[in-house]
Amino acid sequence: MSERVLYQSSNGDAWLLTRDPVSKMPAVKHEPNVSSGGQISYTDIGKFLRDGANGPEHQALLNLIGTLIDD
C-alpha cells in the first residue's frame, strides 16, 4: 500500500494520505505519538476536511489537492 506523508508535527504525530485498509477508499491515516496512545486511525478525506480545525495537516492536504489542478 502506497502512502504519502501530508504533515508531521513536532510532537511526533503524523498524517498520511493512503487508502483505508477495509474500504480501500482514499483516506487520511493519523499516526499519533506513543504518549498520545499510538492508536492509528483512518478518516475519509471529506470528513477529515469537514471536521478539521484548519490545522496544518488540513492545509497540507488542501495544498496537495491544489497541485492537481492546472493554473
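Guide: Let's begin with K29 and E31, whose side chains meet in a salt bridge at 3.2 Å, N to O. A salt bridge here is a side-chain nitrogen of Lys or Arg within 4 Å of a carboxyl oxygen of Asp or Glu.

Visitor: Is this an experimental model or a predicted one, and what are the ground rules?
Guide: This is a predicted model, where local features need pLDDT of at least 70, side-chain atom pairs count only at pLDDT 80 or more, and totals for chains, interfaces and linings use all residues. Residues are numbered from 1 along each chain as its sequence is written, and side-chain values use heavy atoms, with hydrogens and water left out.

Visitor: OK. How many salt bridges come out by that rule?
Guide: The count comes to three. Besides the K29 and E31 pair, the side chains of K29 and E3 meet at 2.9 Å, N to O. That pair links distant parts of the chain, with K29 in strand β3 and E3 in the segment before β1, 26 residues apart. Helices (H or I, at least four residues) and strands (E, at least two) are DSSP runs, numbered from the N terminus.

Visitor: And K29 itself, buried or exposed?
Guide: K29 is buried, because its relative accessible area is 9%. The cut-offs are under 20% for buried, over 50% for exposed and partly exposed in between, with a 1.4 Å probe and protein chains only. E3, at 34%, counts as partly exposed, and E31 is partly exposed too, at 26%.

Visitor: Where's the remaining salt bridge?
Guide: K47 and D51 make a salt bridge at 2.4 Å, N to O. Both sit in helix α1 (residues 45-51), four residues apart, or about one turn of the helix. K47 is partly exposed at 41%, whereas D51 is exposed at 51%. As for shared partners, salt bridges join E3, K29 and E31 into one network.

Visitor: Switching to the fold. What does the sheet look like?
Guide: Four strands form an open sheet in the order β1-β2-β3-β4, with antiparallel pairing. β1 (4-8) and β4 stand at the edges with a single partner strand each, so one side of each has no neighbour in the sheet. On average, neighbouring strands of this sheet are turned by 30° against each other, direction ignored. Axes are lines fitted to C-alpha atoms, for helices over the stretch in contact, and angles run from 0 to 180 degrees between N-to-C directions.

Visitor: What counts as a pair of strands?
Guide: DSSP has to find at least two bridges between them. In general, strands of a sheet pair through backbone hydrogen bonds, either parallel or antiparallel.

Visitor: What about the β3 to β4 side?
Guide: Four bridges join β3 to β4 (residues 41-44), and the two run antiparallel. V28 has T43 as its bridge partner in β4.

Visitor: And P32, where is that?
Guide: P32 is in the loop between β3 and β4, and it is buried, with a relative accessible area of 14%. Leaving aside neighbours within four places in sequence, P32 is in contact with D13, G38, Q39 and I40.

Visitor: Last one: which residues make up the nonpolar surface patch?
Guide: L62, I65, L68 and I69, with about 400 Å² of accessible area together. Patches are made of residues with over 30% relative accessible area and no salt bridge, where like charges are joined within 9 Å and nonpolar side chains (Val, Leu, Ile, Met, Phe, Trp, Tyr) within 5 Å. Areas come from the Shrake-Rupley method with a 1.4 Å probe, and for residues only the protein chains shown count as cover. L68 lies in the segment after α2 (56-66) and is exposed, at 70% relative accessible area.

Technical notes. Contact = heavy atoms within 4.5 Å.
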